[in-house]
2 protein chains.
Amino acid sequence: VASAPAPSSFGIEAMAVYIPVNRVAQPDLEKMHSCEGKYTRGLGQRAIAVPAANEDSVSMAFTALSRLMVAAGEPTDIGFLAVATESMVDRSKSIKSELVDRLGLTDTEGTDVYHACYGSTAAILWALDWLASGRGHGKRAIVVCTDIAEWGPEYCVLNGAASVALLLGPNPVVQLDASTSATISYNGHDFCKPLEQPYPVFDGPDSVESLTNVLRKCLARVPWGNSDFSYLVPHCTTAMMCRRASDTAADFFGVPAKDRASYFAAKVDPCTHWVRDIGSMFTAAMWVNLACLLSQGQAVNTNIALFSYGSGTMGTLWRARVVRALPAGSALIVAPEGVDTPSVSPSQCSALVRWQSAEEWLQLQRSTKMLAPSTAFALIGEEQVGRRKYALAEDADAGGGAA
Amino acid sequence: VASAPAPSSFGIEAMAVYIPVNRVAQPDLEKMHSCEGKYTRGLGQRAIAVPAANEDSVSMAFTALSRLMVAAGEPTDIGFLAVATESMVDRSKSIKSELVDRLGLTDTEGTDVYHACYGSTAAILWALDWLASGRGHGKRAIVVCTDIAEWGPEYCVLNGAASVALLLGPNPVVQLDASTSATISYNGHDFCKPLEQPYPVFDGPDSVESLTNVLRKCLARVPWGNSDFSYLVPHCTTAMMCRRASDTAADFFGVPAKDRASYFAAKVDPCTHWVRDIGSMFTAAMWVNLACLLSQGQAVNTNIALFSYGSGTMGTLWRARVVRALPAGSALIVAPEGVDTPSVSPSQCSALVRWQSAEEWLQLQRSTKMLAPSTAFALIGEEQVGRRKYALAEDADAGGGAA
């Protein structure tokens, strides 16, 4: 067994974010729902991302993973691949197994992890423990988080979509320190997706209260305080949730009410610039928020508090440290595309009911102009029931796709 | 960070197996299907286990976990709880979150893992890496594997059900050594459960061939050979699969064809005595087979080769060592109940379509005599959509259940 470095020496060497290009502007949706100000001023959203009709959670995972592999120079020393999602397309076959051919490797450990939005942090903690075990003999790990948030037509304001792939190893840009973390886990009921229901069953106020309660409990347990982190990067489903997390931390640390806005502006707001144009990202949320912060550069040589949360209920508060600057013109962080181009009619933001068969799903392509860009992977067909096929959208176009 | 012992010093301190008491005798099912000998001589099965109408994968996990907690003296030093299943009832809420109240703890790490039958080994490897990380400061880990195998009416011969809970820690009865393991992972298509399908989509011959191919590849990669293990405990869906695994290993090691039967009798048969009366156990299978071997006592001070497999496709070949005898009258291994009491009409072995709502499911109680025994947990109601309630069946009876 190779000697195991301290856990905090491992972390994020590279990451790639993928956000579908289609956007619904929230002022337009407010007009349609006759609730002006509710989604913009209330939830803090400018737009929400809508995946194309030929994308699913697996194709989005492919896109993020492929971009990461290109950005990282097609590494061959990957010993572990795990996937986090709550948008699964199969109750048995893992998304990891769909992705693994992209690595060109047949001996990776790791598989899919799920617990609502918390699955991503569970998978990354697992990857860090695997790295520290030395069983990979110096190989590195990849975790892919992918989700399409679909709350049903009535609540489509809470939709969104994102995937993010993280390369984890011993030479990190961002060290992840789980040695001084706090985790809360109990049987909560704020959000679930029973198999027989197409859309989530949820209690929004309970979710907000659960998230802030778990954060408060974690803050009370970690052996570090307000002065030990420059930024707080929370999980969220809307930008408003980031503000709630900020207020909870400010309150816990005794920050006067009048200084809460400046606390938010200094410690939390920098990580919220992307979510405002994306909406719910489920497992990808906190990691996309982190990428957003890193993309701005000011976090170099600072500590970051990471707060992961998943309904049902789990949360972890831990710390990261940005140990070096990203190279100029860095490919390490691939920014989301099209965040300033809300482009889709609000009537198109309703969910496509993602648990239909691939064949039914592809039929939607004929009735929509929302297709994945040529640089993204797409669902191109179903060879037989349960056997979905994916390829770069440009290849699909060239070959006639599955039409 | 606590200094990390070598991985092989961790392992199974206790385990508890739960098998539903109802059995369908395979000779009876052969008569109904007009295929005498196919299920008994062909698949090696004497019976298959059928869960009660008021059991689901979560109640079965409760039963195994609760029995483990009782057998282990209600330990309070648990820092990690993970669950493996391919019989989920929710696409977001983890089964771990349903179980965690039974521990009386609110700070456990770990959550649900899935990749067909391989999820259990993935979860246990994760738990071992978590133990070795020292982040739990000496706390121990529990992994629960729970599955109801339902192949649809036509293939109900392949049904079965089992749950097993394992207490993992530094003072094991069975050391688990992943440091000399081999793992194979690729995009296979022998078995899946697309969300829109009630039953698995599968190719039986492909599964058998995939399992034996993965075993062969793993045997070629591990740095140990035939003389380094006394027993081979394979994953299986029927007893026949254990024989196929045995023949594959014998062939790989150059055992003459005439000696294959004695190779099986010596190295593999002892772990197959329970599966013959249970049938498919999915994630629980290899671990129940291991418990079956341990229950007989002869494996003390021997090495065991463990072969985990999951369709879709992943497999790991690793080693265990039984380092001490189980105490006389040991509670460490709680044998399955009723393995000699096939008791149910073959017409009742068809699946109940487990992904219906809890309410519909409970209605089945009124039309069946198959209820969970008073010592098992049962589904007793659904407070609201997606919020299933569980209790010991005897409590449910006392309180009138959910009727």
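Me: How many salt bridges are there across the interface of chain B and chain A?
Reply: The rule finds four salt bridges across the interface of chain B and chain A. A salt bridge here is a side-chain nitrogen of Lys or Arg within 4 Å of a carboxyl oxygen of Asp or Glu. One pair of side chains that meets in a salt bridge is B:Asp129 and A:Arg135, at 2.8 Å from N to O.

Me: What kind of model is this, and how are things numbered?
Reply: This is a predicted model, in which local features need pLDDT of at least 70 and side-chain atom pairs count only at pLDDT 80 or more, while totals for chains, interfaces and linings use all residues; side-chain values use heavy atoms, with hydrogens and water left out. Residues are numbered from 1 along each chain as its sequence is written, and chains are lettered from A and ligands numbered from 1 in the order in which they are written.

Me: Back to the interface. How many residue pairs are in polar contact?
Reply: Between chain B and chain A, 38 residue pairs are in polar contact, both residues being at pLDDT 80 or more. A polar contact is a pair of N or O atoms within 3.5 Å; within protein, one must be able to donate a hydrogen and the other to accept it, and residues adjacent in sequence count only if both atoms are side-chain atoms.

Me: Which elements of chain B touch chain A?
Reply: Helix H4 (95–99), strand S5 (112–114), helix H5 (119–133), strand S8 (174–185), strand S9 (191–192) and strand S16 (387–392) of chain B each supply at least two residues to the side that touches chain A. Helices (H or I, at least four residues) and strands (E, at least two) are DSSP runs, numbered from the N terminus.

Me: How many residues are in contact, and what area is buried?
Reply: On the chain B side, 66 residues are in contact with 66 residues of chain A, where contact means heavy atoms within 4.5 Å. The area buried between the chains is about 6100 Å², and carbon and sulfur atoms give 54% of that. In chain B, the residues that lose the most area to chain A are B:Arg91, B:Tyr114 and B:Leu195, together 15% of what that side buries. Buried area is the accessible area (1.4 Å probe) that two parts lose on being put together, summed over both.

Me: New topic: how many disulfides are there?
Reply: Zero disulfides are found over all chains, a disulfide being a pair of cysteine sulfur atoms within 2.5 Å.

Me: Is A:Cys242 buried or exposed?
Reply: A:Cys242 counts as buried, at 0% relative accessibility. Buried means under 20% relative accessible area, exposed over 50%, and partly exposed in between (1.4 Å probe, protein chains only). A:Cys117 is buried too, with a relative accessible area of 8%.

Me: What about helix H3 of chain B: what caps its N-terminal end?
Reply: B:Asp56 does, with a side-chain oxygen 3.0 Å from the backbone nitrogen of B:Val58. Of the 15 residues of H3(B), 13 are buried, so the rest of the structure largely encloses this helix.

Me: What follows H3(B)?
Reply: B:Gly73 follows, with a positive phi near 80 degrees. B:Glu74 also has a positive phi, near 50 degrees, in a residue other than glycine. B:Glu74 sits in the loop between H3 and strand S4 (78–84) of chain B and is partly exposed, at 37% relative accessibility.

Me: Where is the cis peptide bond of chain B?
Reply: The cis peptide bond joins B:Gly312 and B:Thr313, with omega about 20 degrees. B:Thr313 is in the loop between strand S12 (303–310) and strand S13 (314–322) of chain B. In chain A, a cis peptide bond joins A:Gly312 and A:Thr313, again with omega about 20 degrees.
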